[in-house]
Amino acid sequence: MQGAFVGEGDIEAQTRQSLENLDRVLAGFGVTRSNIAEMEVFLTNPQEHFEQFIVLYKEYVGDHRPAVTLIGVSGMAFPHQLIEIRAVAHTD
């Protein structure tokens with residue numbers, strides 16, 4: 001919330017922070033994670049981080065199953081960034 005980077009080199013910490021940030025954005029629109037229709041997840045090292053991400057993703061979405069695409073990328077805006085999440089939600 002203060003703009004500091006969280007979890008340098010730690011995919012679990014970065015994933016949890018990204019999902020918490022997503023919850024805050026959703027709340028700002030008066031919706032919850034159950035309103036997510038689709039997600040795109042960008043990982044800088046999908047071979048190494050896929051399994052950890054999937055465990056955290058399943059924990060986050062629970063029984064809700066939005067469409068999800070995982071994309072491996074060579075880098076992000078910040079060199080120490082391992083994950084970025086884009087989501088589309090409906091507001092009914």
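**Entry 1, the sheet.** I looked up strand 1 and strand 2 first: they run parallel and are joined by six bridges. Helices (H or I, at least four residues) and strands (E, at least two) are DSSP runs, numbered from the N terminus. Two strands pair if DSSP finds at least two bridges between them. I noted that Met-39 stands opposite Val-68 of strand 2.

The model is predicted: local features need pLDDT of at least 70, side-chain atom pairs count only at pLDDT 80 or more, and totals for chains, interfaces and linings use all residues. Residues are numbered from 1 along each chain as its sequence is written, and side-chain values use heavy atoms, with hydrogens and water left out.

Which order do the three strands take? I read 2-1-3, in an open sheet with mixed pairing. Strand 2 and strand 3 are the edge strands, since each pairs on one side only. On average, neighbouring strands of this sheet are turned by 15 degrees against each other, direction ignored.

I found helix 1 lying across strand 1 and strand 3, at about 25 degrees to strand 3. Axes are lines fitted to C-alpha atoms, for helices over the stretch in contact, and angles run from 0 to 180 degrees between N-to-C directions. I listed its buried residues: Ile-11, Gln-14, Thr-15, Ser-18, Leu-19, Leu-22 and Leu-26. They cover an arc of only 130 degrees around the axis, so they sit on the same side of helix 1. That arc is taken from the directions from the helix axis to the C-beta atoms. Buried means under 20% relative accessible area, exposed over 50%, partly exposed in between (1.4 Å probe, protein chains only). On the face turned away from the buried side, I saw the exposed residues Ala-27 and Gly-28.

I checked its length: residues 46-61 span only 20 Å between the end C-alpha atoms, whereas a straight helix of 16 residues would span 22 Å. The expected span is 1.5 Å times one less than the number of residues. Where is the kink in helix 2 centred? I found it at Gln-52, with a kink of about 30 degrees. The bend at a residue is the angle between axes fitted to the seven residues ending there and the seven starting there.

His-49 is in helix 2. Is His-49 buried or exposed? I read a relative accessible area of 6%, so His-49 is buried. Leaving aside neighbours within four places in sequence, His-49 is in contact (heavy atoms within 4.5 Å) with Ile-11, Leu-43 and Leu-82.
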